[in-house]
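I'd like to walk you through one structure, so let me put it on the screen.

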2 protein chains.
Amino acid sequence: MVYNIGLLGLGTVGGGTAKILLDPVDRHPLLEEIKIKQIGVRDKSKTRDVPLPPDLILNTDLEAIVKDPEIDIIVELIGGLEPARSLILTAIDQGKHIVTANKAVIARYGDEIYAAANEKGVYVLLEAAVGGGIPVIKPLKQSLGVNKIKNVIGIVNGTTNYILTRMSGEKASFEEVLKEAQELGYAEADPTADVDGLDAADKISILASLAFSGKVKREDVYTEGIRQVSAADINYADKLGFIIKLLAIAESNHQLGEEALQLRVTPTLLPKDHPLASINGVYNAILVEGEPLGQVMFFGPGAGAGATASAVVSDIMNIVGILKSSGNTNDLDPLLSYSPSHYCKITPIEELITRFYVRFVCRDIPGVIGHLGTCFGKSNVSLESVVQIGFLGELAEIVVVTHDVREGNFRQALEEISKLEAFKSIPSILRVL
Amino acid sequence: MVYNIGLLGLGTVGGGTAKILLDPVDRHPLLEEIKIKQIGVRDKSKTRDVPLPPDLILNTDLEAIVKDPEIDIIVELIGGLEPARSLILTAIDQGKHIVTANKAVIARYGDEIYAAANEKGVYVLLEAAVGGGIPVIKPLKQSLGVNKIKNVIGIVNGTTNYILTRMSGEKASFEEVLKEAQELGYAEADPTADVDGLDAADKISILASLAFSGKVKREDVYTEGIRQVSAADINYADKLGFIIKLLAIAESNHQLGEEALQLRVTPTLLPKDHPLASINGVYNAILVEGEPLGQVMFFGPGAGAGATASAVVSDIMNIVGILKSSGNTNDLDPLLSYSPSHYCKITPIEELITRFYVRFVCRDIPGVIGHLGTCFGKSNVSLESVVQIGFLGELAEIVVVTHDVREGNFRQALEEISKLEAFKSIPSILRVL
């Protein structure tokens, strides 16, 4: 039997996907039964890297593709919110299964899309939306759900990890490395989505909703990017035994006996022997901790045509595998479909309990460290270390690492400190894992 | 609806499995529909760690359990070859699905078991057989099959990895560390299966058959254990920039245009920046490389009651998920079932192309390094480094690292060298990745 695919988009990932589907030799035999029927593109005349067979239809009318009655699965790779959302909903309405790599649309309209899919009895699979080629969505759904998940911690944005790795290796500034990354194609001309943590926030909201089996609002992810991370901080962190990474974190915590979730994307100091500390360059990794499992980590290429296409095609194959074995029932496999009924309760960032790294610039007068210590003490912030790490002309640079504190108390202490006579500025505040 | 489980074995993993199934709160809701109907044990009177509900039947008649018509899935956790094999086959014959953690029985009788299962239209899932709690079997089946797999390289035995990690950290001898590992329960009283590489060989034959979609004979895995690895070698390897790990490797290579597979378990020198080099202690990790994916790695606890039980219960849930959605068809999902028709062609170890590390003990006479070099040259073995690394009384210790060579040529060179007047002995030969 042949299963027909409608592919929307023939860019980097679309091209990679077509390439695998058109070259099934030495791959899983099921690929022989999957055929691209139509490809939706913006411009038919554009030259393509993939050699396409002459009978393959390129179509600029994407609406017609999602309504083609002979197509079984729509593969949405055009990205962005619209028309992606509308095309996905129309395809579902037509009874077609969906494979997508679009984290933005799922993070924002996942509820609407899943509700429609469950109603129609079709699957929406999105392995490629998080971690590129790394199998992590399916393992979360199918293998880790038997655990009580404690946390999911990911390096899920290759661009920022590349920038931080280069800054760390070469003591270079953020601006220098960003410029180079843009020239090499590792960062976009407008790098906002990556360097401000928005892409990572999309991804952690998707991972959290799967790991903790509850809906998550994208805007509940507290997000800081890496623009504030300086070469100086990387250097000081290194001396203290840490590496700075942009981490996307979802962790469960109990408030007054009630289960709640804390969601954040922040540049974070990691001990050098932490499993995520050695994930460098454009690689991604996702660490999941659960009971009784312990910690497992998934590591691999977080982007790129081939890797992402591998994830897209694996989703297509999964759906075809199910279609071949399930007869004509419209009942969905509860592990592969997704239908949480409730929203996760979210803990606001002020309630977060974490360690902090903070760098102060102060006038170099006797007793200044004592004054800092007193202010922290008043707000119940206990300190792990206070180091006068260098001088900036007349001024002293002091780095403080706290023990675990409530973020609200920490902020209160900083307000007190900013009133000290010796105080000049706080160039950086980072969390410590 | 309720799905009934027959659990064979209530040891470490069986107990962990029962514990999860009896405590479904905060786990995947599907667990509520899974019930342990009978548990097969050797001795009913034994006290157990798991508090079992009074209505749960403990039964010493395992044959009766696999024939109980109300049971849907048999979970085989008794280990060993017999009666495990017969019980699995009887259960399949009765139309029951199988979940097992038994690598030994699958590595040896997988063909027979899968053939029977495919005939009857039932699943045989074995996530827990390799890598404990790490999801790796299902990702290989469901996510990575779209790739042309180049190689699978694993640290898949926790006992040997613990021993090598300790030897490396403390410059201690194999015997000392093995004794401590036995006292701590990380090594068995009879450590043969672990330290001689047999357990790792079982596991790589299973991984290879999945990754390369062909049957693999267990006896085709070339196997060396870690007894020959000395503290001296670990020390020299360290100086040369390497770490020694017991690696289980399946790699594809082309011989005269024909696809062939090389399978081996050997202690191997890894460059310190290799992703597997930092996997320490009882942890496991499996690295898979494919086209177009690149490299992905799965890391986590390779053993332990909780981790392994997590994998067992995830398999049970997968089957129940399918049963809920597939109606009553007997067609198996081709991604989750396993039915290769051919045996993989295997390249013998003599044909392996690899780098070698070899330590010679020679009489310390002038020109000895030249003689060694000449012997290697005659057999077309090109050398990367030759270092006289120390003295043993009157004798000199020389460590040679080769470039990539055919194993057969390398062995031929060693035979020549053993005839040299200065030659005394070769305390160790290790491969280099």
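I'll talk about the interface, then the domains of chain A, and then a sheet in chain B.

Before anything else, please keep in mind that this is a predicted model.

Let's begin where the two chains meet. Chain A brings 51 residues to the contact, and chain B brings 51 residues as well. Putting them together buries about 4,300 Å², and carbon and sulfur atoms account for 60% of that area.

What about polar interactions? Between chain A and chain B there are 14 residue pairs in polar contact, counting pairs with both residues at pLDDT 80 or more. Which elements of chain A give two or more residues to the side that touches chain B? They are α5, at 137-142, β11, at 283-291, β12, at 294-301, and α11, at 305-325. Of the side of chain A that touches chain B, α11(A) supplies the largest share, with 11 residues. By residue type, that side of chain A splits into 24 nonpolar, 17 polar and 10 charged residues.

Now have a look at the two β12 strands. β12(A) pairs with β12 of chain B, residues 294-301, in the antiparallel sense, over three bridges.

Next, the domains of chain A. The assignment gives three entries: domain 1 covers 3-133 plus 305-325, domain 2 covers 137-301, and domain 3 covers 351-432. How far apart are the C-alpha centres of domain 1 and domain 3 of chain A? The distance between those centres is 51 Å.

Last stop, chain B, and a sheet I enjoy looking at. This is an open sheet of six strands, paired in parallel, and the order in chain B runs β3-β2-β1-β4-β5-β6. Its edge strands are β3, at 57-59, and β6, at 124-125, of chain B, each pairing on one side only. Within this chain, β1, residues 3-8, and β2, residues 34-40, pair in the parallel sense over six bridges. To find your place in that pairing, look for Leu7(B), whose bridge partner in β2(B) is Ile39(B).

That's my tour, and I'm happy to take questions.

Conventions:
Residues are numbered from 1 along each chain as its sequence is written. Chains are lettered from A and ligands numbered from 1 in the order in which they are written. This is a predicted model: local features need pLDDT of at least 70, side-chain atom pairs count only at pLDDT 80 or more; totals for chains, interfaces and linings use all residues. Side-chain values use heavy atoms; hydrogens and water are left out. Contact means heavy atoms within 4.5 Å. Buried area is the accessible area (1.4 Å probe) that two parts lose on being put together, summed over both. A polar contact is a pair of N or O atoms within 3.5 Å; within protein, one must be able to donate a hydrogen and the other to accept it, and residues adjacent in sequence count only if both atoms are side-chain atoms. Helices (H or I, at least four residues) and strands (E, at least two) are DSSP runs, numbered from the N terminus. Ala, Val, Leu, Ile, Met, Phe, Trp, Tyr, Cys and Pro count as nonpolar, Asp, Glu, Lys and Arg as charged, and the others, Gly among them, as polar. Two strands pair if DSSP finds at least two bridges between them. Domain bounds come from an automatic or database domain assignment.
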